[in-house]
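Subject: Structure for your review

Hello,

Please find the structure below. My notes on what was found in it follow.

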Amino acid sequence: MQAVIQATIDFLKLYWAPLLCGVVIVAVLPLIVGYVVLVERKLMADMQARLGPMRVGPHGLLQPIADAVKLLIKEDIIPEDADKLVFWLAPVFSVGAALLAIGGLAFGPAFQIGVNLNIGLLFVVGISALGIFGIVLGGWASNSHYSLMGALRSAAQLVSYETAAGMALVSGLLLAGTLNIKSIVEAQGSAGVWFGFLAPVAFFTYLVASIAETNRAPFDLPEAESELVAGYMTEFSGFRWSLYFLAEYTNMIVVASVATTLFLGGWLRPFANVHWLNFLDYLPPLLVIAIGGYCLLRTPKQPTRVQQLFMVVVAGLCFVVALVLAGPLLLPVVKPAMAEAVKPFYAGIHGGFWFIFKVSAYIYFFMWLRFTIPRYRFDQLMRLGWHFLIPLSIINVLLVGLSLIVGCYYHLQGWALLLATTPAAILGLVAALIILGIEQKNRARQEAAAAVGFYAG
Amino acid sequence: MLDSVIFYFFATIAVGSAALMVTRRNAVHSAIFLIATLLATAGIFLQLRAEFLFIVQIILYVGGIMVLFIFVIMLVNLDVALHQIKFARQKWVALIVALALSAQVGLLFWTTSKGAGQIWPGLNAAPANRLPPNAETVAKSLFNEYLLPFEIASVLLLVAMIGAVVMAKKRA
């Protein structure tokens, strides 16, 4: 007994910081996801010339909390013929995989749970791929045709697009030369150029594949409302349904973070090595101050006293965040002796800001696509994956490797590496066009054959 | 102490769910317990500080093969009565294989315990900080020392893949 207690104490002594970070993530993530949903609804409303949620709180700012309360107190229905155990297990599996994948990520140089994980990126990608079991098992356990169809579609889609995404990641990793997330970002810092510019074809492939992997429109076939009710989630209600929802949006954050880390420079500021652009450091606090100022400006226009108060509180929060962001910049100016002590805080806070900024931009792009492009048909989706993205990504791995060898031969580094990788990217583009041409010809032939068969029969 | 606690935790899960996998009637339940077994084995790899093996186990076996297993189980929709008859026939073969395997393991225990002068063969996890980075070490030995076997294995896989495509095309 003594030994067990001693072991527990040793364990806590070693791992208290990651454990604390994990608890913070599990506690805060649902809130973040709720607000991502609110942003999505607001954006959708804006693009469709509506107002969106406006009732709960000023401009609907408290809507996520109302939604969460509604979901929590809803009746939890389990269909009579459902496989109870699997029905219970499936959403938990989905959420567990998504949350575990977050553990491998680094939100800035200071905030990382699995510190210096040697297999970093592989861990994130591999664990987040497990979420598919939640979808498939949930669809099977509900014992309903819509659910099963949704689950099967989802399994096929994820398995097909994982290959393309993996190959795109391999092209990026060739440039980084390591799997460790911190080292990947540091490699981009020392190269002075983000890998998204060195491997644009890989970035594009990953972008498309990541949309398909998170089941977002235009590839949201597993839950196509017009065909399958809600796909694998049809029979789920209340809290279980919200777990699926949480897993879906967490996965979005995970793929956005992976893309940011590997292709968009992680937590590095744009032009991190260019000294005359150092004034960009003042951008984050100014941005947050501007948001707070706008909130104050809108306060008198709110209809009720509570809403006015809420607006002032939001503005105050913005100013506090701005103070935190500006602190490490202004302290050395006031007290030059503090310059060294403040440096790690500066790296942590501003790194975190830029990382979250880039992840938000990536997610914004996802939403933008969702409201712009109509849904694909299932055979079109499969054809895009197998006939276009996978060949393109394999060709691209070869081209990036070749350009790296050429760059090594001529001792190219940093921006100069673009001299080698740009021709490779152009070759990749040509390959893409050739693949598309072959594909078009094949489809024309198939359609002609089908037409002949139709008229003959 | 901590190491052995973690080991017995994962080992219990692995053995328990392996037993459950064999005894379940429902094919999907068996698949779920097989997933649990594979994940627990991955946990043991991690406890031995072989993090690359851990993630490869998860990506290949759990994320790849098991997804296809479940996919096939759902597509085929096994008839319960039919597959019971079919599987019952393998009882004696399974028994012989299991006996042979346990004899081998017993022999291993017997020989190692004799050599080291102890009852059970001791397996000690390497200290975390002294182990070289896993992924790099595996890659180096794979591409330096074992390049030819590696290439032969990949050609074999390619042949299998092309064969599968050809067979699928013929059916259509």
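Two residues are counted as in contact if their C-beta atoms, placed from the backbone, lie within 7 Å. On that basis, the contact between the two chains takes 22 residues from chain A and 20 residues from chain B. On the chain A side, α1 (2–47), α4 (120–128), α5 (131–141) and α6 (145–176) each supply at least two residues. By class, that side has 19 nonpolar, 2 polar and 1 charged residues. Here Ala, Val, Leu, Ile, Met, Phe, Trp, Tyr, Cys and Pro count as nonpolar, Asp, Glu, Lys and Arg as charged, and the others, Gly among them, as polar.

Before the rest, two notes on provenance. This is a predicted model, in which local features need pLDDT of at least 70 and side-chain atom pairs count only at pLDDT 80 or more, while totals for chains, interfaces and linings use all residues. Residues are numbered from 1 along each chain as its sequence is written, and chains are lettered from A and ligands numbered from 1 in the order in which they are written.

Chain B

Chain B has 7 helices and 0 strands. Helices (H or I, at least four residues) and strands (E, at least two) are DSSP runs, numbered from the N terminus. Of the 172 residues of chain B, 15% count as buried. A residue is buried if 20 or more other C-beta atoms lie within 10 Å of its own, exposed if 12 or fewer, and partly exposed in between, with C-beta atoms placed from the backbone. Among the contacts in chain B with a separation of 6 or more, 55% are accounted for by residues 24 or more positions apart.

How do α2(B) and α3(B) run relative to each other, roughly parallel or roughly antiparallel? The axes of α2 (residues 27–47) and α3 (residues 51–76) of chain B come within 8 Å and cross at roughly 175°. The two helices are therefore roughly antiparallel to each other. Axes are lines fitted to C-alpha atoms, for helices over the stretch in contact, and angles run from 0 to 180 degrees between N-to-C directions. Angles under 35 degrees count as roughly parallel, over 145 as roughly antiparallel, 65 to 115 as roughly perpendicular and the rest as oblique.

The residues that meet include A27(B), L34(B), L38(B) and F45(B) in α2(B), and E51(B), F54(B), Y61(B) and F69(B) in α3(B). The residues of this contact divide into 19 nonpolar, 2 polar and 1 charged.

L48(B) is in the loop between α2 and α3 of chain B. This residue is partly exposed, with 17 other C-beta atoms within 10 Å. The C-alpha atoms of L48(B) and A164(B) are 37 Å apart, at a separation of 116 residues along the chain.

Chain A

A151(A) lies in helix α6 and is buried, with 28 other C-beta atoms within 10 Å. Leaving aside neighbours within four places in sequence, A151(A) is in contact with I135(A), V136(A), G138(A), G139(A), W140(A) and Y232(A). The helix α6(A) has 32 residues, which at 1.5 Å a residue should span 46 Å; its end C-alpha atoms are 45 Å apart, which agrees. The expected span is 1.5 Å times one less than the number of residues. Just after α6(A), G177(A) takes a positive phi of about 75°.

α15(A) bends by about 30° at L389(A), and a proline, P391(A), follows within four residues. The bend at a residue is the angle between axes fitted to the seven residues ending there and the seven starting there. Just after α15(A), H411(A) takes a positive phi of about 55°.

V37(A) lies in helix α1 and counts as partly exposed, with 16 C-beta neighbours inside 10 Å. Leaving aside neighbours within four places in sequence, V37(A) is in contact with P64(A) and Y249(A). The C-alpha atoms of V37(A) and F245(A), 208 residues apart along the chain, are separated by 9.8 Å.

A49(A) lies in the loop between α1 and α2 (63–73) of chain A. Phi of A49(A) is near 55°, a positive value in a residue other than glycine. With 6 C-beta neighbours inside 10 Å, A49(A) counts as exposed.

Regards
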